[in-house]
Structure formats: structure tokens, C-alpha cells
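Please read it alongside the sequence and coordinates below.

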Amino acid sequence: MRACAALPVLVSHAYDFTHLTGTYSSVPGHLAIAASWGVCIFFALTGYLIFLPFARHFWGDRPPLRYGQYALNRALRILPIYYVVLVVYTAWHRDGATWSQFGRFAAFWQNY
């Protein structure tokens, strides 16, 4: 379901990227704007899925949560793709991305 919600967002961004003039007076332009509803649905579904183990514990009959295991599972799910995207972006982006910035982003130190 999240993929179905993310697809309109992808289409909307692709339209924005290919039509840099900012005109949305055409039918595809209006559809691209309307496709932004996918963001709301995507984040609502994501929040539900992240909170689901906690809800099952607090309002269901599940055993107590192991927060360390939960955090480790989240990290193992998110961090590999984060680092892949970070390497690809730093290697291909020619508008100022440097390898020193890569180090700051890799250590989550980019704002300091």
C-alpha cells in the first residue's frame, strides 16, 4: 500500500523536474498537483506501521517490547539504503557535494 501511495508522489516529482517552467495549466499539470495526496497517505501508513508493535504491546496481548531490538531492526532497515544513496549522490552530484560532506552526513553530523 505504501508503494501505491509513493507512486503518485514519484510521478508528481518527475513532472515537476521535467517541467521546470512551473506551468501547471495543462491536464497533466493538474494531475501532477493532485498526485501530492500520496504524501499524506504514505506518511499515515508509515506512522501506523512504525507504531504497530507498540500498539500490539500496550493494547493487545503481546509480550513486552525489547526497545534495543526494535531500534536495531529499524537501523538495519534504514541505514543500508541511506548509505547507498549517500554514496551515489556524492559521487554523481556536481553542484558542490564533496567527500568531506559525505563524512559529515555519514556520521549524522551535517548540522554541526
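Helix α1 covers residues 2–18, and its 17 residues at 1.5 Å a residue should span 24 Å; the end C-alpha atoms are 24 Å apart, so expectation and model agree. The expected span is 1.5 Å times one less than the number of residues. Helices here are DSSP runs (H or I, at least four residues), numbered from the N terminus.

This is a predicted model, in which local features need pLDDT of at least 70 and side-chain atom pairs count only at pLDDT 80 or more, while totals for chains, interfaces and linings use all residues. Residues are numbered from 1 along each chain as its sequence is written, and side-chain values use heavy atoms, with hydrogens and water left out.

**Helix α1**

- Ala5, Pro8, Val9, Ser12 and Tyr15 are the buried residues of α1; buried means under 20% relative accessible area, exposed over 50%, and partly exposed in between (1.4 Å probe, protein chains only).
- Viewed down the axis of α1, these buried residues fall within an arc of 120 degrees, so they line one face of the helix; the arc is taken from the directions from the helix axis to the C-beta atoms.
- An α-helix has 3.6 residues a turn, so residues three or four places apart point the same way.
- Exposed on the other side of α1 are Ala3, Leu10, His13, Phe17 and Thr18.
- The cover over the buried residues of α1 includes α2 (27–34) and α3 (37–59), with contact meaning heavy atoms within 4.5 Å.

**Surface patch**

- Ile81, Val84, Val85, Val88, Tyr89 and Trp92 form a nonpolar surface patch with about 640 Å² of accessible area together.
- Ile81 lies in helix α4 (residues 67–92).
- Members of such a patch have over 30% relative accessible area and no salt bridge, and nonpolar side chains (Val, Leu, Ile, Met, Phe, Trp, Tyr) are joined within 5 Å.
- A salt bridge is a side-chain nitrogen of Lys or Arg within 4 Å of a carboxyl oxygen of Asp or Glu.
- Accessible areas come from the Shrake-Rupley method with a 1.4 Å probe.

**Individual residues**

- Met1 sits in the segment before α1 and counts as exposed at 77% relative accessibility.
- Met1 and Phe42 are 41 residues apart along the chain, with 8.2 Å between their C-alpha atoms.
- Trp59, in helix α3, counts as exposed at 66% relative accessibility.
- Between Trp59 and Asp95 there are 50 Å from C-alpha to C-alpha, at 36 residues apart in sequence.
- Phe108, in the segment after α5 (99–106), is partly exposed at 44% relative accessibility.
- The phi of Phe108 is near 55 degrees, a positive value in a residue other than glycine.

How values were computed. Helix = DSSP H or I, 4+ residues; strand = E, 2+ residues; numbered from the N terminus. Patch = residues over 30% accessible without salt bridge, like charges linked within 9 Å, V, L, I, M, F, W, Y side chains within 5 Å.
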